[in-house]
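I opened the model to look at how its chains meet. My entries follow in the order I made them.

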There are 2 protein chains.
Amino acid sequence: VADAPTIAGLYETVLYGEDVAALAAFYADVLGIRVVQGPSELSAALRLEDGGMLLLFDPRLAGRPGRPVPSHGASGPGHVAFRVPPGELGRWRTALSEGGVEVEQEVEWANGGTSLYVRDPAGNSVELTEDELWPL
Amino acid sequence: VADAPTIAGLYETVLYGEDVAALAAFYADVLGIRVVQGPSELSAALRLEDGGMLLLFDPRLAGRPGRPVPSHGASGPGHVAFRVPPGELGRWRTALSEGGVEVEQEVEWANGGTSLYVRDPAGNSVELTEDELWPL
């Protein structure tokens with residue numbers, strides 16, 4: 001439709017875990033992402049440099065009906081990928097190693113690009129890349 | 001740490017559902033997000049205007065061990081929020097209504113800003129906003 005409204009981009013991505021404080025500590029202390037609200041038992045909100053938001057929720061609480069917003073809450077390992085500034089992936093490899101964070105896997109993509117994968121304390125798969133990995 | 005590496009922003013956000021084709025059709029046809037890979041039984045990849053990626057996975061397949069990447073896969077309703085261009089939220093309200101997509105809830109936030117919430121075919125909670133809803 002010619003005058004159809006549009007979507008501009010990602011605003012919030014969500015990961016779940018039953019210990020929100022431990023999750024928030026991981027994203028703040030290990031990945032250096034800024035906490036702007038919480039952590040509470042329910043949730044924490046972290047602000048990325050590009051303005052996007054990483055939200056962390058305890059799915060047992062976020063999934064309860066009767067909250068002021070629609071309920072949601074998933075169990076099992078989720079996934080998120082973060083962009084790192086060009087040239088910094090190698091420094092991440094070093095920093096994670098020195099910080100005692102195991103890199104579960106490093107993938108060199110057939111079409112170019114590299115991803116480092118770690119797990120957060122809830123078992124979510126967290127990917128770091130400085131490259132464009134998908135078709136434009 | 002002074003020379004610690006940094007995270008630049010969100011790159012991939014993930015939602016799960018057992019019918020990837022139906023999910024991809026919703027995000028492409030209802031929300032107008034561009035499919036750049038798939039859908040396959042496993043996954044689809046959609047590109048947002050800001051360069052971010054929305055990935056859709058069947059958690060039963062994405063969660064199998066032995067894939068070329070770390071396994072992941074959550075069940076239950078997840079959540080994502082998308083930015084819409086300033087001034088377009090009202091057009092979204094109209095377009096969703098005319099398209100037969102129920103707005104589950106509309107929230108006027110105490111600190112300003114409005115969110116529209118819909119459900120995708122897998123039950124994930126999808127939020128649209130044109131406002132800044134979180135502390136900077």
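This is a predicted model: local features need pLDDT of at least 70, side-chain atom pairs count only at pLDDT 80 or more; totals for chains, interfaces and linings use all residues.

Entry 1. Between chain B and chain A I found 45 residue pairs in polar contact, both residues at pLDDT 80 or more. I then asked which element gives the largest share of the side of chain B that touches chain A. Strand E1 (residues 9-16) of chain B does, with seven residues. By type, the residues on that side of chain B are 35 nonpolar, 16 polar and 14 charged.

Entry 2. I counted two salt bridges between the chains B and A. In one that I looked up, Glu132(B) pairs with Arg47(A), and the closest N and O atoms are 2.9 Å apart.

Entry 3. I turned to the extent of the contact. Chain B and chain A each put in 65 residues. About 5600 Å² is buried between them, and carbon and sulfur atoms give 56% of that area. Of the area that chain B buries against chain A, 16% comes from Ile7(B), Leu10(B) and Trp134(B), more than from any other three residues.

Entry 4. Strand E1 (residues 9-16) of chain A runs antiparallel to E5(B), joined by four bridges. Leu10(A) lies opposite Phe82(B) in E5(B).

Entry 5. I looked up Pro85(B), which sits in the loop between strand E5 (79-83) and helix H3 (89-98) of chain B. Beyond its neighbours within four places in sequence, Pro85(B) contacts Thr6(A), Ile7(A), Ala8(A) and Glu130(B).

Methods: Residues are numbered from 1 along each chain as its sequence is written. Chains are lettered from A and ligands numbered from 1 in the order in which they are written. Side-chain values use heavy atoms; hydrogens and water are left out. Helices (H or I, at least four residues) and strands (E, at least two) are DSSP runs, numbered from the N terminus. Contact means heavy atoms within 4.5 Å. Buried area is the accessible area (1.4 Å probe) that two parts lose on being put together, summed over both. A salt bridge is a side-chain nitrogen of Lys or Arg within 4 Å of a carboxyl oxygen of Asp or Glu. A polar contact is a pair of N or O atoms within 3.5 Å; within protein, one must be able to donate a hydrogen and the other to accept it, and residues adjacent in sequence count only if both atoms are side-chain atoms. Ala, Val, Leu, Ile, Met, Phe, Trp, Tyr, Cys and Pro count as nonpolar, Asp, Glu, Lys and Arg as charged, and the others, Gly among them, as polar. Two strands pair if DSSP finds at least two bridges between them.
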